[in-house]
Amino acid sequence: MILQKTKFRTGAPEDRIAILALQRRAFGREAEAELVDQLIEGPVETISMVAELDGMIVGHVLLSRLDGPDKSLALAPLCVDPQWRDFLIGTELTNRAIDRARQDGWHAVFVLGDPVYYGRFGFKSDLASHVETPWPGPAFQALELVPDAVAKYRGAVRYPQEFEAV
């Protein structure tokens with residue numbers, strides 16, 4: 001029932017304060033809020049999506065352009081208000097962000113996270129294993145939105161410099 005009452009939409013400038021407050025609640029620190037603020041306000045191309053329930057922002061996901069395979073994005077951070085974590089809001093936000101990236105013509109999405117959680121969206125560690133990254137291993141995963149967007153790529157991915165502070 002909660003998921004059906006939740007509105008999923010593109011983040012708007014007037015959501016900024018609520019998104020940053022949510023980041024602080026969800027992560028219990030300032031780093032992710034600062035990252036999101038810098039990325040949304042900066043020159044890096046982003047997709048920002050929110051989950052809104054009864055006028056309150058309860059979830060947020062950000063995708064940011066990466067240097068690497070053509071038209072690739074980083075999914076980070078994803079957060080849901082701690083009071084609403086058991087209602088599949090993060091799952092729906094992730095699905096909608098991936099759909100939006102596909103509709104907007106992006107070719108691939110990378111994530112650093114739990115392979116079990118992100119595996120259900122189609123992310124694969126094996127697909128990203130040949131990509132040079134500061135975070136090698138099973139937590140670094142890729143999802144192709146266009147066939148062979150990652151499989152045929154050889155080289156590194158570089159996250160926007162704003163990620164260095166996290």
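Two residues are in contact here when they have heavy atoms within 4.5 Å of each other. This is a predicted model, so local features need pLDDT of at least 70 and side-chain atom pairs pLDDT 80 or more, while totals for chains, interfaces and linings use all residues. Residues are numbered from 1 along each chain as its sequence is written, and side-chain values use heavy atoms, with hydrogens and water left out.

**View 1. Gly 59 and its neighbours.** Gly 59 sits in strand E3 (strands, E, are DSSP runs of at least two residues, numbered from the N terminus). Leaving aside residues up to four places away in sequence, Gly 59 touches Leu 22, Met 49, Val 50, Ala 51, Cys 79, Val 80, Ile 89 and Leu 93. Gly 59 is buried, with a relative accessible area of 0% (buried means under 20%, exposed over 50%, partly exposed in between, using a 1.4 Å probe and protein chains only). Look along to Val 111, 52 residues apart from Gly 59 in the chain, and the two C-alpha atoms are separated by 18 Å.

**View 2. Strand E2 with E1.** Seven of the eight residues of E2 (residues 46-53) are buried, so the rest of the structure largely encloses this strand. E1 (residues 7-10) runs antiparallel to E2, joined by four bridges (pairing takes at least two DSSP bridges). Here you can find Thr 10 opposite Met 49.

**View 3. The hairpin of E2 and E3.** Eight bridges pair E2 with E3 (residues 56-65), again in the antiparallel sense. Ser 48 stands opposite Leu 62 in this pair. Two residues lie between the strands, and Asp 54 takes a positive phi near 50 degrees in this hairpin.
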